[in-house]
Amino acid sequence: MTTLAERHPLIETTLPSTVTLSTGEGGLPRLLVDSPSATAEIYLQGAHVTRWQPGRQAPVLWVSAESNFAPAMPIRGGVPICFPWFGVNSAGPQHGWARIRDWTLISATDDGTDVRLAFALSDSPETRESAWPHRFDARYEVVVGTRLTLSLSVINTSDSEFTYEEALHTYFAVADVRKMSITGFRGLTYSDLGETGFQSEEPLRLTGPMTRNVTGATGETVMTGPFRQLRLTRSNAANTIVWNPWAEQAATMPDFGDDEWTEMICVETANVGASWVRLEPGETHTLATTYEVGLLR
Ligand SMILES: O=P(O)(O)OC[C@H]1O[C@H](O)[C@H](O)[C@@H](O)[C@@H]1O
């Protein structure tokens with residue numbers, strides 16, 4: 001008898017015993033990782049990581065109870081991949097099409113400590129007719145263990161240079177966003193809802209809606225709440241975006257519960273706006289981030 005994975009068109013590799021393919025919410029295919037160090041869930045649409053639980057800890061990522069799970073609809077939560085543009089584009093979907101396209105699983109291994117999954121997305125007739133028509137190969141590596149590492153590599157396979165924006169738009173689950181403090185931005189410039197400035201010595205705290213784009217963070221970003229600490233590192237990312245819609249914007253989003261905004265914070269690892277990536281033919285760029293969680297009590 002063949003398994004679901006063996007006959008699924010988006011699975012081009014054998015799976016270790018710690019990874020299974022199953023039917024998720026809305027009938028969408030998803031991978032479940034269950035290893036001694038962590039469990040995780042990744043939808044093939046968008047190569048979208050929706051759950052990561054190191055050890056027996058509570059989920060580190062947040063997903064809205066109101067999220068859509070449907071073909072070509074973004075999932076509200078987890079780690080949406082924003083590519084090849086970030087934000088609004090009158091000629092295509094907000095944050096680009098990578099998060100709503102099917103990615104192919106090309107490799108899955110378990111070394112006894114970490115489970116490594118590699119997903120691929122390349123240009124297609126649809127993407128070549130989109131607002132970003134270039135030829136490219138993207139690889140997304142997800143390493144599931146006591147840490148979660150995400151690496152998005154893009155290769156320019158066309159014969160001329162191109163530019164793009166990218167973000168790993170991660171939604172973290174928090175006890176109460178109003179009780180979080182975030183360090184790692186001291187002295188860096190930011191822009192936030194039209195205002196620009198420098199991050200002070202004080203940790204960043206949220207007291208209202210925030211869409212803060214901090215430029216130049218290179219060390220650790222540490223998000224501390226009442227019960228746990230989330231530690232984030234990144235490479236090749238000029239921007240770190242901190243987003244919470246607060247009550248008013250949350251109420252306008254059909255796929256976001258009115259009262260859910262207190263439970264989440266997005267801290268996004270990105271190259272957007274003036275920090276877009278430029279690639280010559282044959283060049284590759286890799287954006288990466290790692291998350292680790294520590295319990296405080
Ligand atoms: O609703 P989405 O398309 O998933 O975007 C979610 C959010 O992403 C970014 O952080 C933008 O700055 C916000 O304005 C936007 O609301």
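How many helices and strands does the secondary structure of the protein come to? The secondary structure comprises two helices and 22 strands. With a radius of gyration of 19 Å, close to the 19 Å that the globule rule gives for 297 residues, the protein is as compact as a globular protein of that length. The model is predicted.

**Overall dimensions and packing**
- The C-alpha trace of the protein spans about 55 × 45 × 35 Å along its principal axes.
- Of the 297 residues in the protein, 40% are buried.
- Among contacts in the protein with a separation of 6 or more, 63% are between residues 24 or more positions apart.

**Ligand surroundings**
- Around the ligand are the residues Pro74, Gln94, His95, Thr211, Ile241, Trp243 and Cys266.
- Sorted by class, this shell around the ligand holds four nonpolar and three polar residues.
- No charged residues belong to the shell around the ligand.

**Alanine 247**
- Helix α2, which covers residues 246-252, contains alanine 247.
- Alanine 247 has 12 other C-beta atoms within 10 Å, and a residue counts as exposed if that number is 12 or fewer, so alanine 247 is exposed.
- In sequence, alanine 247 and threonine 262 are 15 residues apart.
- In space, the C-alpha atoms of alanine 247 and threonine 262 are 8.5 Å apart.

Methods. Residues numbered from 1 in each chain as written. Predicted model: local features only at pLDDT ≥ 70, side-chain atom pairs only at ≥ 80, totals over all residues. Near = placed C-beta within 6 Å. Nonpolar A, V, L, I, M, F, W, Y, C, P; charged D, E, K, R; others polar. Helix = DSSP H or I, 4+ residues; strand = E, 2+ residues; numbered from the N terminus. Rg over C-alpha atoms; globule rule 2.2 N^0.38 Å. Buried ≥ 20, exposed ≤ 12 C-beta atoms within 10 Å, placed from the backbone. Contact = placed C-beta atoms within 7 Å.
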